[in-house]
Structure formats: structure tokens, C-alpha cells
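Dear colleague,

Please find the structure below, together with its sequence. My notes on it follow, and I would be grateful if you could read them alongside the model.

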Amino acid sequence: MTKFSELGLAAPVQKAVAGEGYETPTPIQVRAIPPLLQGKDVVGIAQTGTGKTAAFVLPILTRLLEEKKQAPGLSCRCLILAPTRELAAQIGESIAVYGQHTGLSHAVVFGGVKHGPQVRALARGLDILVATPGRLLDHVADRKARLDLTSLVVLDEADQMLDLGFMPALRKILQMVGKPRQTVMFSATMPPPIRALADDFLRDPVTVAVANQAKPVERIEQGVMYVGTAEKRQALIDLMAPEAKKSTIIFTRTKRGADKVAQLLVEYGHKAAAIHGNKSQNQREKALAAFKSGEMRVLVATDIAARGLDIDGVELVVNFELPNVPESYVHRIGRTARAGAQGRAVALVAPDERGLLQDIEKLTGLRIKGLNDAPPISGPTRPVQPQRGPRRGGGHGGGQGGNRQGGQRGQQNSGGGGQKRSGNRRRKPGGGQRQSA
Ligand code: AMP
């Protein structure tokens, strides 16, 4: 088995990894770190939960340390692009943890908050900048940031950036970045526009893939409960009663649905809150922090709000409604069973969702165990309005329509922080929960 010490990472980086209690690198780390250290372009096909953040952050820190360069004002040596403010903040936290002994600087910028602190962080020049595409382009347009001196770019969760309509912004940013550069792309799936982006902007990339992209992590015990639409709320209450002490994420299709489910659970004595695109940054952060600390056991979420979130120790994922796009199911249940833990996923399936269930089973190649007998269906087996958008991932449209701005400055692209020296946001050793942004 490969050890971290065999991967060629800089000593201060290895020290931080050891401090986190990681014993062996995950498969994506074993395969992505060596080519990244060699300066090669890499396409990584991996779901969240596989350790992909460390797979790119650890070699990047090593390379930046070894180069011993300084970024001139307004510029950054490495740019990491992420689809949502939550994911950007989370990557920032990982950099703080893994880079705590390196002295390298980083900042996270996203929209929805004041420009001032971000502008000040950018003005000094940064080793690593983590950004959502829209706010970054705002800073470039205001001449508060320049990308021509950047030589390393990472696109994380590229397929979600596609879903959110960021493709034009990504192309614009990649055209601005200086050459030669090293470009890295991580994505859970490889739809044609992402493949085209890789073809246009990456040089002879090494492709590293772990697990079947469409196959849910095998450690997740999945089950389906067949219920009538009108009985769903009661079914959820019944399901949650014995599960009450478990850390649970419940997915709904719509923002309103998320609020209603959270309210229902609170009425039944659960500590629960909803996160979705209509909540303020502050509300989202508060709910996430309470959930991560274990103070609140139930988080109700829509797809976009939850995707990519790294929360350790989620024991149960409930699909209150199935997503319209089968890939989203894989992402949803991937919130549990992270980093080697066991997990459970239960879907409440109404008669009009049976077609969606079939789509999921087809995609994953797995038959999901029925927790009760499926009643015979009368009437249509698919929702009357399937709401499939022209792109893959259009299923977010069902619940997140208001969020799909289709442009560079979507709702998801908001929030934002200033500069951090690596190491001032320690995560608990032993892979504990990350602090909230
Ligand atoms: P990611 O896929 O980047 O979201 O990482 C998922 C989780 O795995 C995070 O909580 C990391 O802290 C954890 N992790 C990453 N690499 C390792 C490793 N080599 N050993 C144990 N846990 C890890």
C-alpha cells in the first residue's frame, strides 16, 4: 500500500497530513498526486468524499513551496475555481489545514459580501486564490485582480459549474490565465461540454478516475419506502423517530419544500433547519455550523445547497423526494459514507416518482431494496412535468429554478471572505469536523 511519505510531498505538507490523522492516501490521492507534482495537466473523475480536495491541494502546496516565488500584487500563483460559496469556503478551510506549516497565503472570494476585504487580500498578491467565477470576473473587470501571472488553475466540481451556467465565465477566465500553465479539472461526471472544455484548455491531460462515476459508494445501505404522496410527511416522521439521534440530511426538490419539511420536523421536536439558495449567507452558515458541531442533528437541503459539502459523520440521507436527474441521487447519497464510514440512504417514493426510481436504478446498475412492498401503480409513473432541462443536471430546475441564473453571477456565487495565512483555521486533528466558514 502506498504511504503518504512515498508520494513526494513537501515535509510541511506531510506534517499537516499526519496531524489530521490520515494514515494512507485514498485511491484518487495515490493516482493524482504524482502527475500533479510533475506539473502535468490532470482530469480527475471522482465524487466528493473520495479525498479529492487533498488530492489537488497537497501537491499544489508542495509545488508552490518548491518554486519559492512571490505573487506580485493583484495576482495569484494558483487559482482554484469552485461552483458555490460553500464549496469555495470549504476548499479554503482545507488549504488552511493542509498548508498550516507552509506559510503560504490564500484567500477565498465569492459574491454577496463586501468587496473591500477581498480587494485588500488581492492587492497584496496571493499564493492561492479560491474563487467562484462571477465575483472573480467582477474583480478582474474592476482591475482589482489579474490572472495573466497565474500558472496553475484548478476547476473543481466542473460538472456543477456547467449546471449553474458558469461555462462562459470559465472559458473567459481560462483565456485570461497566463501560459504556460498547469490546468487541473475535477468532476464527478464527464458530460460532453466538460469534455470539450478539457479538450480546449488542457494539454495532454492524465486522466485519473476512481470508482464508477455513476455508481454510489458501495458502503451505503440503500432502501426505498413506497408511500402515497399524501402520506409522505407522516412516513418521514415515522422514519425519523427511531433515527432521531442520527446525523441526517433530508433532501427535497424545492426550496419551499425544504422549509416545510424543516418546520414539520421542528414541530415534532427535532432540531432541524433548512439550507437553500434563498437563505442568507448568515443563515446558511449558522445552520451548517450547528449541524457540523452536532448541536443540530437534521439538515434539510436542496441539491445545489448541499452538493460538495464535506460534513463528516452523516449517518443517514433521506430523499424526501427523488431528484429529477438520476445523477443527483448519487451526489445526494454521497453525503453519507464519507472517508470510509458506513452510511444509510432511504428514499420515500410516491407513485409518480417510480419512473425516476427506475432511472436511478438504470444509472447505478443497482436494484434498491424495498423496505415495504411496492403497491401497484395506477396512472402515470412519471411526474406530469418532468422538468428536465436541456443540459444534464437540469433536474435542479425543479427545486432550484430561481437559482439557475444561467449567467456568471448566479445566486450560488455569493458570499465571500478575505485573506488568510495558512494555518489559522485549524481543523480538529484526526479528520474531525471542519469549522464553518
Ligand atoms: P473530499 O472528497 O475532498 O471532500 O474529502 C472527503 C473527506 O475525506 C474529508 O473529510 C477529508 O478530511 C477526508 N480525507 C481526505 N483524505 C483522507 C485520507 N487520506 N485519509 C482519511 N481521510 C481523508
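This is a predicted model: local features need pLDDT of at least 70, side-chain atom pairs count only at pLDDT 80 or more; totals for chains, interfaces and linings use all residues.

**Findings**

R332 and D303 are both buried (under 20% relative accessible area, with exposed meaning over 50% and partly exposed in between, for a 1.4 Å probe and protein chains only). These two residues form a salt bridge in which the closest N and O atoms are 2.7 Å apart; the term denotes a side-chain nitrogen of Lys or Arg within 4 Å of a carboxyl oxygen of Asp or Glu. Because R332 lies in helix α14 (residues 326-333) and D303 in helix α13 (residues 303-306), the pair ties together parts that are 29 residues apart in sequence. Helices (H or I, at least four residues) and strands (E, at least two) are DSSP runs, numbered from the N terminus.

Residues are numbered from 1 along each chain as its sequence is written, and side-chain values use heavy atoms, with hydrogens and water left out. The average pLDDT (the predictor's confidence in each residue, from 0 to 100) is 83 for the protein, and 81% of the residues score at least 70. Two stretches call for caution. Over residues 379-418 pLDDT stays under 50, and the model has 120 contacts beyond four places in sequence for them, a contact being heavy atoms within 4.5 Å. Residues 421-437 also stay under 50, with 61 such contacts.

**Further salt bridges**

The whole structure contains 15 salt bridges. In one of them, R171 pairs with D200, with 2.9 Å between the closest N and O atoms. R171 belongs to helix α8 (residues 167-176) and D200 to helix α9 (residues 192-201), so this pair ties together parts that are 29 residues apart in sequence. R171 counts as partly exposed, at 25% relative accessibility. Another salt bridge links R367 to E361, the closest N and O atoms being 3.4 Å apart. Here R367 is exposed at 70% relative accessibility, while E361 is buried at 13%.

**Strands and a helix**

Strand β10 (residues 248-251) is covered on both faces, with T248 and I250 buried on one side and I249 and F251 buried on the other. In a regular strand the side chains alternate between the two faces of the sheet. β10 runs parallel to strand β12 (residues 298-301), to which 4 bridges join it; strands count as paired if DSSP finds at least two bridges between them. Within β12, L299 is the bridge partner of I249. A parallel pairing over 4 bridges also connects β10 with strand β13 (residues 316-319), where N319 stands opposite F251.

In helix α5 (residues 116-124), the residues Q118, V119, A121 and L122 are buried. Seen down the axis of α5, these buried residues fall within an arc of 160° (taken from the directions from the helix axis to the C-beta atoms), so they line one face of the helix. R120 and R124 are exposed on the other side of α5. G125, which follows α5, has a positive phi, near 85°.

Yours sincerely
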